[in-house]
Amino acid sequence: MLDFFTIFSKGGLVLWCFQGVSDSCTGPVNALIRSVLLQERGGNNSFTHEALTLKYKLDNQFELVFVVGFQKILTLTYVDKLIDDVHRLFRDKYRTEIQQQSALSLLNGTFDFQNDFLRLLREAEESSKIRAPTTMKKFEDSEKAKKPVRSMIETRGEKTKEKAKNNKKKGAKKEGSDGTLATSKTAPTEKSGLSVGPENGELSKEELIRRKREEFIQKHGKGLDKSSKSTKSDTPKEKGKKAPRVWELGGCANKEVLDYSTPTTNGTPEAALSEDINLIRGTGPGGQLQDLDCSSSDDEGATQNTKPSATKGTLGGMFGMLKGLVGSKSLSREDMESVLDKMRDHLIAKNVAADIAVQLCESVANKLEGKVMGTFSTVTSTVKQALQESLVQILQPQRRVDMLRDIMDAQRRQRPYVVTFCGVNGVGKSTNLAKISFWLLENGFSVLIAACDTFRAGAVEQLRTHTRRLTALHPPEKHGGRTMVQLFEKGYGKDAAGIAMEAIAFARNQGFDVVLVDTAGRMQDNAPLMTALAKLITVNTPDLVLFVGEALVGNEAVDQLVKFNRALADHSMAQTPRLIDGIVLTKFDTIDDKVGAAISMTYITSKPIVFVGTGQTYCDLRSLNAKAVVAALMKA
């Protein structure tokens, strides 16, 4: 039984609606528009909202959307056929009203489609019931029953004969493919009296032609091979290092160059701290995050070289534009198939997960199918532009995470703003926590770091070192004697959820603005550790849960995020479990233009990338620039 079926335009005008079991279809359809249609996620034509499953179809020629909703516990096999039949009949019946392309004509139009829809629904339900039952196949219908008994009997010596025949066939194939065998090699077969021809021992016409080809290739092909070999050997290869290091008697020629250690006083390198202060102060004025720049010097040189060539002649550009002329026609799947295959392979080569690349291309195909192209536009340019728009829309989040605004809101309520970091092992949670701490200190907020990684050896000491360096960058003397950054630790082997709770209470009493909770790295398949993480988040209810992932992963990013979200939902004790709110993408400086992990992570969770780590210093923290990432992703 269907809950509802509705037809509306992409501008938001409801043309016709059928109400079945449910009272209203507004909530599910609005969720479909927000989460799928506006976010360019229409790859599988299906969407789940609470207890309903929504299936939809887009008509890009007339800018219409057909949506049907039913209970997700039901398996209705006729839904796809029904939505196709309704789409075909509605478009053909009201073609003139829809083609006027004006909102006033659509509002004034009368779409009396109730009787037609009920007839199509009745036919679809009956067609699913009339389906013939599947009967078990009998032995008489199988291929084995059709074979004679004589063909199944194996006599002694038949296998050896078959092997000999197969070897002869393989040898004949090798002779035909090589083409450089000498005639002297075939002479023993002729003398031995074996039948080479069809029946009478003479060579057939095909065999004679093949032999003559071999002799011709043998005579005239040797010179070509020698000439090709000589041209290859004429260009010598450069071997060895261009500028090798000079060593004297097994020792270093300049020992001072290799000595990178700095003099320390009481274990703290004061000169290094002063240099870092000067370096960091000049990069982030006012504590603002710079946008991520994915362009390189090679790209700038390439663009400079290509500018003069574009202005060489106007005739060449005009003919090149007319050469790709397609004409005003509607796009079909067959037109886009080859272009989408190349786009999919290109996305996978740029480190986008394979499943995500397939869904993106499918979404673009659904978006463009039936759309009328412009006069001077090609299929390739149309598909590429649609894919770029989809990627930019995916990277721009539904809800922007503004930490500074939320922290000031928490200050007005006289409570600390709590951020929890989680992720797998070795992705850089502690390092990027220190970078975010420095960014918050630059913006004038005090930070309490909670050392809740009580499992990894050296985790507390690492945070202690970061706290000492951050305190040197922002000493209390510069802030009126106020301690700007402090570490809250309880050692190893303790309960992480209890330490986080004590740290939040300590921050509330001491007046800290932000609490950054560092957790232990854990794999997404480790059930006990995922249960402990869900307990920490459920008990302490942080304001922001950030997943830290590295930009080097491809298909693994999808698996990590899906299983982290699923584990947080399964092991949570609350009715509405707390899931991941945002992503911190680390090691972005190691991937060049293979930026596909950003697309994979945002597509699978619909959550924004809040921070991007681009280096090892505290100032190497950026905000995501969606257009720059998409430009690097689409670069050949």
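The model is predicted: local features need pLDDT of at least 70, side-chain atom pairs count only at pLDDT 80 or more, and totals for chains, interfaces and linings use all residues. Residues are numbered from 1 along each chain as its sequence is written, and side-chain values use heavy atoms, with hydrogens and water left out.

**Exercise 1. Describe the ring pair of Phe18 and Phe117.**

Step 1. A pair of aromatic rings is described by the distance of the centres and the angle of the planes.
Step 2. Rings of Phe, Tyr and Trp (its six-membered ring) pair if their centres lie within 6.5 Å; planes under 30 degrees apart are stacked, over 60 edge-to-face, and the rest tilted.
Step 3. A search of the whole structure finds 14 aromatic pairs. In the pair of Phe18 and Phe117, the centres are 4.8 Å apart and the planes stand at 45°, so the pair is tilted.
Step 4. Helices (H or I, at least four residues) and strands (E, at least two) are DSSP runs, numbered from the N terminus. Phe18 sits in strand β2 (residues 14-19) and Phe117 in helix α5 (residues 114-129), so the pair ties together parts 99 residues apart in sequence.
Step 5. Phe18 is buried at 10% relative accessible area. Phe117 is buried at 0%.
Step 6. Ring pairs link Phe18 and Phe117 into a cluster with Phe5, Trp16, Phe66, Phe90, Tyr94 and Phe113.

**Exercise 2. Classify the pair of Trp439 and Phe611 and locate both residues.**

Step 1. The geometry is 5.2 Å centre to centre, with 70° between the planes. The pair is edge-to-face.
Step 2. Trp439 belongs to helix α19 (residues 429-442) and Phe611 to strand β15 (residues 609-613), so the pair ties together parts 172 residues apart in sequence.
Step 3. Both Trp439 and Phe611 are buried.

Key. Buried means under 20% relative accessible area, exposed over 50%, partly exposed in between (1.4 Å probe, protein chains only).
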